[in-house]
Every structure is written in C-alpha cells, then in structure tokens.
Amino acid sequence: MSSTTQQTDDRADGREETENERADRQWSELIQEVRVAQTGVQIMFGFLLTVVFTPRFTTLPDVDRTIYLVTVVLGAAATGALIGPVAFHRVVSGRRMKPRAVIWASRLTVTGLCLLLATLISALLLIMRVATHNHLVPWIVAGIVAWYVLCWFVLPLWAGHRHTRT
C-alpha cells in the first residue's frame, strides 16, 4: 500500500491526524480513564489494608479471612496494573514508540479493570457475609457481577460492534 493510500485510509474516520497525533490523543484519553480507575482502586486498597488491624478481624472465621486475603492480593494486583501505564510511559518516553506504548498501556488498563472487578466482587462478598450471614449473599453478589460485566464490557463491546457494522 502506498503512503498516500495509507494516509487516506488513516483519515477516513474524519480526523485529520497523523499516526503520532493519533497516538498522542489516544494516550491522553487513556490516562484520563486510568485516573478515574486508579483513584477508586487506591482508596479501596488503602481501606482494605486497615481492616487487618481492627479488633474484629481476629474473630472472623477462616473462610472470611481467606476471602479478605484474596481481596487484598487482587487489590494489590489491580493497583499495579492501573499504575502500570504511567510507569510504562515514563520508561519508554522519548524512544519514538508512542503508538506501541498506547497499545501496551491499554492492555495494562484492561487487565487492571478486570482485576478491579475481581477485587470489588471479593470485597462485596466479604462485607455481605460479615454483615448479614444471609444465604442470599451469593445470589446478590452474582447479580452485581452481572451488572458490572454488563456496564464495563458487554455494553461497550455491543456498541462498538454495532457502530462498526453500520
């Protein structure tokens, strides 16, 4: 494909931007998205770290302590993945690889969102088990999982698929 044809194809979406301009725009958008997720996961992770120091923690059954430990590990992993794009950019900055950096940072962000989903669900399960001891807790948590998956993944994928078809 000639460079003229490639340039025409790149601008077929109505944007007048080069590959580097597109990468700069995508990077800015990605970092704004990551800021929202980072704030939430860091607040939640900080809260989770304090739970172990409360007097009630020692009275939790082993199952609830295990759920807590899994939740903390998931929170730590989510924090790492959602901070990862910033570190990635800092390490590769100036090496003329922004389009590839955007792809890798986007993958880290999606991974972080999946880990955040698992952290939220695990934390919700623990809180509801401790607060209610109700047999409906797994069903309620399953409903919330379905809601998150719908909002975070199904709806965007459906919209993207529908938009690219028309």
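Student: Which residues touch the most other members of the largest nonpolar core?

Tutor: This is a predicted model, in which local features need pLDDT of at least 70, side-chain atom pairs count only at pLDDT 80 or more, and totals for chains, interfaces and linings use all residues. Residues are numbered from 1 along each chain as its sequence is written, and side-chain values use heavy atoms, without hydrogens and water. A nonpolar core is a set of buried (under 20% relative accessible area, 1.4 Å probe, protein chains only) Ala, Val, Leu, Ile, Met, Phe, Trp, Tyr and Cys residues joined through side-chain atoms within 4.5 Å. Of the 16 residues in the largest core, those touching the most other members are V41, L48, F57, Y68, V72, L116 and L126.

Student: Which helix supplies the largest share of this core?

Tutor: Helices are DSSP runs (H or I, at least four residues), numbered from the N terminus. At least two core residues come from each of α2 (19-51), α3 (62-92) and α4. The largest share, six residues, comes from α2.

Student: Which residue forms a salt bridge with R129, and is that partner buried or exposed?

Tutor: A salt bridge places a side-chain nitrogen of Lys or Arg within 4 Å of a carboxyl oxygen of Asp or Glu. The closest N and O atoms of R129 and D64 are 2.5 Å apart. The pair links helix α4 to helix α3, 65 residues apart in the chain.

Key: Buried means under 20% relative accessible area, exposed over 50%, partly exposed in between (1.4 Å probe, protein chains only).
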